[in-house]
Structure formats: C-alpha cells, structure tokens
Amino acid sequence: LSAAVDWWKVDIEDAIQQYSIDYARFLCYGGPLVTNETEAAERAATQACRNVGRNPTSGGATTMLLRYDNLATISTSGIDVALNWVGQLSELGFGNAPGRVGLNIQSTILDYYKTKTSPLNFDVETDWKGSLGPTLTGTNGGAYDFRLNAGLSYFLNNKSISLRWRFLPSVWGAGKATENAIIANNERIAAGGEGVMLSYTPSTAEKVSSYSVFDLSG
C-alpha cells in the first residue's frame with residue numbers, strides 16, 4: 001500500500017495576455033476629456049485610439065486591434081491525491097486462489113483558479129472553478145471541481161487485465177463564471193466597496209453533465 005497527498009499553489013504575475021475589449025477602449029477614452037475638435041483629432045491619431053476603430057459617419061465601433069502585454073495575473077491551488085494497493089487473493093480470504101488484485105486511484109481536487117486580465121478595476125478577477133474556463137490565451141479550459149482516475153487490475157504470472165475509469169463532474173460553461181464574477185463585483189460595490197458597476201447579459205447556459213470513460217485492457 002502506498003499513498004500520497006500533495007498540495008500545490010501557483011501564482012503568476014505580469015502574465016502575457018491579450019487586452020480585454022474594455023481595457024483597449026480605456027487606453028483611448030480613459031484619458032483627459034477632450035474639449036475641442038483639435039484635441040479630439042489629436043486623440044484619434046494616437047495608436048491607442050487607432051486600435052479601437054470607429055465608423056466616421058455613425059461613430060459605431062468597427063474592427064478592434066487587441067494587443068498583448070504583461071498585465072494579467074493567474075492564481076490556482078489544489079490538492080493531488082494518489083492511492084496504490086496490491087494484494088494476493090489468497091491473503092484476502094479467497095483460499096488458494098491464484099494471482100493478485102490491484103487498485104489505483106488518482107484525483108486532483110481544485111481549490112480555486114483565478115485570473116485577472118489587467119490591474120484595472122473593470123477587469124474583475126474571475127474564479128473559474130466549476131466551469132469550462134478559463135478562457136485566457138495560453139490557459140487550458142476545464143477548471144473542474146475535481147478529476148478522478150481509478151483502475152482495478154488482476155495479475156496472474158505474466159498476464160494481467162485492467163479496467164480504468166476516468167471521471168469528470170458536472171460543470172458550467174465558461175460564461176457562467178464570468179457572470180458570477182461581475183455579480184460579485186456589483187454586490188461588493190453596492191455594499192460600499194470601491195470600483196465600478198458593470199453591466200452583463202444574464203447567461204442562459206445550462207450545466208454540462210458529468211462525464212465518464214471506461215477503458216478495458218489486457
């Protein structure tokens with residue numbers, strides 16, 4: 001019998017990440033208010049404003065150019081659990097039955113998986129736990145509450161047969177985690193906290209069902 005429990009924690013600062021749409025707009029519109037046509041023309045000629053193009057007739061947004069910068073933070077933590085056990089059938093109350101049986105369990109239990117695309121308060125920190133996020137460039141989607149791999153094997157001389165079970169629990173779409181982060185931000189501000197109230201479109205997403213794969217090998 002062998003077992004292991006490992007706690008892990010990763011914090012990344014100044015992660016390379018694509019601008020959010022709000023951040024790209026802020027770089028153009030977040031400066032001092034323009035007061036005349038000359039100042040407006042000078043502002044429009046900056047690279048930041050050229051990145052958020054607008055239709056010269058209607059003023060509506062057109063194609064946006066989202067750059068990359070060292071702005072993001074990524075933080076995650078969890079626990080890995082492993083259990084391996086092998087025993088002779090004859091020692092388990094099966095008389096003189098030949099062979100051995102083995103059990104293997106590996107699981108990752110996620111505590112949190114948080115990201116923030118920029119230091120500014122309108123880019124809220126999002127905890128992707130329990131969702132198919134994160135959606136940031138360079139990150140892997142699927143922040144499941146836990147993952148489970150379990151195997152049951154039988155060994156006889158130089159032969160063996162094994163059944164493996166891979167399981168992922170039910171999970172929300174990534175948009176749900178984004179929505180929850182905005183709701184939490186707005187509730188905090190409504191209670192007197194600092195920041196800006198953010199709008200959002202309520203998600204109609206449904207939870208994705210749990211997922212199992214069974215593998216039989218000999």
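Author: Happy to. Keep in mind that this is a predicted model. Let's begin with the sulfur atoms of Cys28 and Cys49, which are 1.9 Å apart and form a disulfide.

Reader: Why is the pair of Cys28 and Cys49 called a disulfide?

Author: The cut-off is 2.5 Å between cysteine sulfur atoms. For Cys28 and Cys49 the sulfur atoms are 1.9 Å apart, within that cut-off, so the pair counts as a disulfide. By this rule the count comes to one disulfide. In general, a disulfide is a covalent bond between the sulfur atoms of two cysteines.

Reader: What parts does the pair of Cys28 and Cys49 tie together?

Author: Cys28 lies in helix H1 (residues 21-29) and Cys49 in helix H3 (residues 47-50), so the pair links parts that are 21 residues apart in sequence. The link is right-handed, with 95° about the S-S bond. Both cysteines, Cys28 and Cys49, are buried.

Reader: Which residues make the largest nonpolar core?

Author: There are twelve of them: Tyr19, Tyr23, Ala24, Cys28, Cys49, Val52, Leu71, Phe122, Val124, Ala181, Ile182 and Leu198. H1 and helix H4 (174-190) each supply at least two residues of this core. The largest share, three residues, comes from H1. Another core lies apart from this one; it has ten residues, among them Ala72, Ala143, Ala174 and Ala177. As a general point, nonpolar side chains in soluble globular proteins tend to be buried together.

Reader: What does Leu71 touch, not counting residues up to four places away in sequence?

Author: Leu71, one of the residues of the largest core, touches Asp14, Ala15, Tyr19, Tyr23, Lys116, Thr117, Ser118 and Pro119 on that count.

Reader: How do you know whether Thr126 is buried or exposed?

Author: Compare the value with the cut-off: buried means under 20% relative accessible area. Thr126 has 7%, so Thr126 is buried. Its place is in strand S6 (residues 126-127). Not counting residues up to four places away in sequence, Thr126 touches Tyr113, Lys114, Thr115, Ala177, Thr178 and Ala181.

Reader: What makes Asp11 and Lys9 a salt bridge?

Author: The cut-off is 4 Å, from a side-chain nitrogen of Lys or Arg to a carboxyl oxygen of Asp or Glu. Asp11 and Lys9 come in at 2.4 Å, N to O, so their side chains meet in a salt bridge. Asp11 is partly exposed, with a relative accessible area of 47%, and Lys9 is partly exposed too, at 41%.

Reader: How many salt bridges does the rule give?

Author: The count comes to two salt bridges. Asp215 and Arg166 also meet this way, at 3.2 Å, N to O. Asp215 lies in strand S9 (residues 211-217) and Arg166 in strand S8 (residues 159-168), so the pair ties together parts that are 49 residues apart in sequence. Asp215 is partly exposed at 29% relative accessibility, and Arg166 is partly exposed at 33%.

Reader: How far apart in space are Trp8 and Ile79, C-alpha to C-alpha?

Author: They are 6.2 Å apart in space and 71 residues apart in sequence. Leaving aside neighbours within four places in sequence, Trp8 is in contact with Thr76, Ser77, Gly78, Ile79, Asp80, Thr108 and Leu110. Trp8 lies in strand S1 and is partly exposed, with a relative accessible area of 23%.

Reader: And how far apart are Arg25 and Gly87 in space?

Author: Arg25 and Gly87 are 64 Å apart, C-alpha to C-alpha, and 62 residues apart in sequence. Arg25 is found in helix H1 and counts as partly exposed at 33% relative accessibility. Not counting residues up to four places away in sequence, Arg25 touches Gly30, Val52, Ala61 and Met64.

Notes: Residues are numbered from 1 along each chain as its sequence is written. This is a predicted model: local features need pLDDT of at least 70, side-chain atom pairs count only at pLDDT 80 or more; totals for chains, interfaces and linings use all residues. Side-chain values use heavy atoms; hydrogens and water are left out. Helices (H or I, at least four residues) and strands (E, at least two) are DSSP runs, numbered from the N terminus. Buried means under 20% relative accessible area, exposed over 50%, partly exposed in between (1.4 Å probe, protein chains only). A nonpolar core is a set of buried Ala, Val, Leu, Ile, Met, Phe, Trp, Tyr and Cys residues joined through side-chain atoms within 4.5 Å. Contact means heavy atoms within 4.5 Å.
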